[in-house]
Amino acid sequence: MPTKPKTNQKEKKKEKNEEPEGETWILRLYVAGQTPNSLIAFENLKKICEDHLECKYTIEVIDLTKHPQLAKDHQIIAVPTLIRKLPVPVKKIIGNLSNTERVLVGLDLLKVT
Amino acid sequence: MKKNKIAVIAGTAEFEKVPSGIKGFDDITGGGLPKGRPSLVSGGPGCGKTLFAMEFIARGITDYGEPGVFVAFEEKIDDLKKNFKSMGFDLDDLVRQKKLVLDHITIDRSEFEETGEYDLEGLFIRLGGMIDEIGAKRVAIDTLEALFSGFTNEAILRSELRRLFLWLKDRGVTAVITGERGDRTITKYGLEEYVADCVITLDHRLMNQIATRRLRVVKYRGSIHGTDEYPFLISSDGISVLPITSMSLTHTASEERISTGIPRLDTMLGGKGFYRGSSILVSGQAGTGKTSIAATFIDAVCRRNEKCLFFIFEESESQLMRNMRSIGIDLEPWVKKGLLKCHAVRPTAYSLEMHLSIMLKLIGEFKPRVVAVDPISNLYPIGDDIQVRSMLMRLIDFAKSLQITGLFTNLSNDANSGTYTFEPTEMHVSSLMDAWLILKNVEGNGERNRAFSIIKARGMAHSNQLREFVLSDKGIQLLDVYKGSEGVFFGSARMAQESGEIDERLRKNEEIERKKREIESKRKLMEIEIEILKEKYAREEVDMKILIGQDISREKAEAKTTKEIATQRQIDR
């Protein structure tokens with residue numbers, strides 16, 4: 001793992017999957033406090049991961065209000081922002097993730113047909 | 001002095017202002033930007049928005065001790081540092097001193113997906129973090145509209161922008177937000193809707209192939225401000241806004257007089273020469289000796305141990321030096337002594353504004369007592385009448401405010417005119433000038449001579465006489481012209497007339513001598529005649545006396561004879 005977030009604010013969830021693929025997803029959700037949008041985004045993300053990710057994954061929630069420096073360091077403007085750190089390439093999705101299909105496209109889990 | 005005056009005019013019932021540090025801008029806005037509020041600066045590409053924003057931040061730090069945050073959406077930090085290094089701002093140093101935070105925000109739409117609602121709280125947090133980091137009083141965002149190309153949801157964006165402006169106000173920072181100019185609106189995305197207090201537009205347009213930058217304060221709520229378009233310059237030390245019409249005519253007029261270097265001209269100007277700090281126009285046709293007058297004046301200035309700055313638009317420095325040596329003026333020692341600085345450049349080398357900015361800069365650095373420009377007419381190819389006039393006005397105002405005397409030569413177009421007339425082309429510059437000397441070619445008798453006169457000299461008694469202007473290896477001489485029943489004569493005609501006069505005088509003298517001699521001889525003749533008459537008279541007198549004597553004796557004899565006869569005849573009675 002190249003970088004570790006300093007704190008995982010809300011919840012750190014690991015879900016083991018039987019398949020020993022060795023591939024681990026690292027998903028970072030940047031939020032600014034417990035706004036409705038950030039809560040919705042987290043719920044949506046959790047659901048999408050449970051439904052569509054078969055491999056091991058980590059969701060790290062970073063509250064920018066607690067760590068304002070990270071907004072600059074990680075080039076975050078809009079919140080909520082979801083960043084797929086791993087696997088590469090890095091993917092970025094903004095919004096409350098309410099459009100599941102677009103999230104899946106954004107995460108390369110669904111090919112656009 | 002000037003600043004205070006404006007502040008007094010505009011300082012009634014207003015909110016506080018923060019000096020922007022941009023030269024001239026604080027003058028036209030009566031103090032700068034509204035304190036603790038966001039201001040919008042809009043303009044097309046390459047018109048100096050980024051520079052305006054950065055100068056506001058950098059000068060705020062260096063000149064007013066206000067730390068600042070600069071957020072760049074377009075330029076990379078390294079590029080910014082490099083660009084502003086050439087303008088004399090060491091951004092790295094300011095960052096090290098914890099006075100400045102630079103942030104580059106990239107938004108690439110292709111990099112992310114948008115799903116559902118979001119806000120720009122990240123930007124707020126980012127900005128807030130940077131403001132807190134150094135206790136910033138100033139914030140610049142360049143150019144905020146980049147957000148519109150990054151995010152598709154315009155409704156969210158607009159509400160977030162509104163929130164951003166309110167937020168900036170709440171934070172109490174003085175902010176400059178730049179925006180791209182729109183087709184019909186001040187900014188492409190109508191940012192002006194959100195900024196209620198101060199909107200400035202920058203413009204960069206081409207006129208006669210010459211680029212001119214202009215700044216206008218479109219809106220400044222609750223403040224009196226200049227509403228004109230003000231030309232501004234971007235030079236190596238940043239933006240300087242130059243009011244076309246000077247805000248005030250407050251320079252103090254000096255009573256001191258300085259010699260022109262031409263004794264006869266001093267005499268014509270009430271015996272003492274020009275006022276210090278006045279502006280002098282020397283106009284004339286080609287080859288009438290304008291540069292020579294300028295050089296003579298400069299020579300006199302340096303002889304008094306005063307510094308002089310000479311802007312030459314026609315010749316190279318060494319050519320001018322050589323030419324002036326031919327009339328006995330050697331300016332080279334003054335250059336070596338550091339009293340004279342020549343700045344020779346072709347007028348077409350750069351734009352009018354650039355000329356002005358370089359001139360003002362050199363004046364600021366060299367601190368001369370006298371500035372000479374030879375000739376201003378060469379500026380006309382690069383600007384129209386109004387531009388040249390406004391540029392000169394700015395130059396003259398600047399010089400006057402520093403009590404610098406300005407001498408400007410001007411080539412008259414009217415080269416064929418033999419008669420002595422006013423030059424209409426100079427009329428519009430002349431009103432800027434305190435003194436106006438005019439040189440004319442006068443043709444006649446198969447030769448060309450130079451006539452010189454003073455058209456005006458404000459505030460002093462001056463001669464109204466035409467003089468003949470003669471250049472020799474001893475310098476400039478002003479001679480009386482011949483005025484008589486046959487007209488005005490110059491040159492050899494004057495000399496012929498003068499020698500004719502001498503002959504005439506000699507002839508007259510001889511005549512008088514002759515008449516004198518004549519009278520003398522007449523007198524002598526008369527005296528001789530008198531002598532002769534006297535002689536004649538004396539002789540006649542003697543004769544008469546003899547005759548009278550004879551008569552008496554004859555009578556006596558007669559009487560005696562009668563008696564004797566009577567006695568003889570024994571007459572009884």
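1. Helices (H or I, at least four residues) and strands (E, at least two) are DSSP runs, numbered from the N terminus. By that rule F274(B) lies in strand β14 (residues 274–275) of chain B. With 2% relative accessibility, F274(B) counts as buried, where buried means under 20% relative accessible area, exposed over 50% and partly exposed in between (1.4 Å probe, protein chains only).

2. This is a predicted model: local features need pLDDT of at least 70, side-chain atom pairs count only at pLDDT 80 or more, and totals for chains, interfaces and linings use all residues. Residues are numbered from 1 along each chain as its sequence is written, chains are lettered from A and ligands numbered from 1 in the order in which they are written, and side-chain values use heavy atoms, with hydrogens and water left out.

3. Contact means heavy atoms within 4.5 Å. Leaving aside residues up to four places away in sequence, F274(B) touches E256(B), R257(B), I258(B), T260(B), L269(B), I280(B), F297(B), A435(B), L437(B) and M460(B). F274(B) and T405(B) are 131 residues apart in sequence, and their C-alpha atoms are 8.8 Å apart in space.

4. Chain A has three helices and five strands, in the order β-β-α-β-α-β-β-α from the N terminus. Of its 113 residues, 46% count as buried. Among contacts in chain A with a separation of 6 or more, 72% join residues 24 or more positions apart.

5. The contact between the chains takes 27 residues from chain B and 26 residues from chain A. Together the two chains bury about 2,100 Å², 56% of it on carbon and sulfur atoms; buried area is the accessible area (1.4 Å probe) that two parts lose on being put together, summed over both. E113(B), T115(B) and R126(B) supply 32% of the area that chain B buries against chain A, more than any other three residues.

6. One salt bridge is found across this interface, the term being a side-chain nitrogen of Lys or Arg within 4 Å of a carboxyl oxygen of Asp or Glu. The side chains of R102(A) and E113(B) form a salt bridge (3.1 Å, N to O). On the side of chain B that touches chain A, the elements giving two or more residues are β5 (100–104), β6 (112–114) and α6 (121–134) of chain B. Of these, α6(B) gives the most, with eight residues.

7. Strand β5 (residues 91–94) of chain A pairs with β6(B) in the parallel sense over three bridges; two strands pair if DSSP finds at least two bridges between them. K92(A) stands opposite F112(B) in β6(B).
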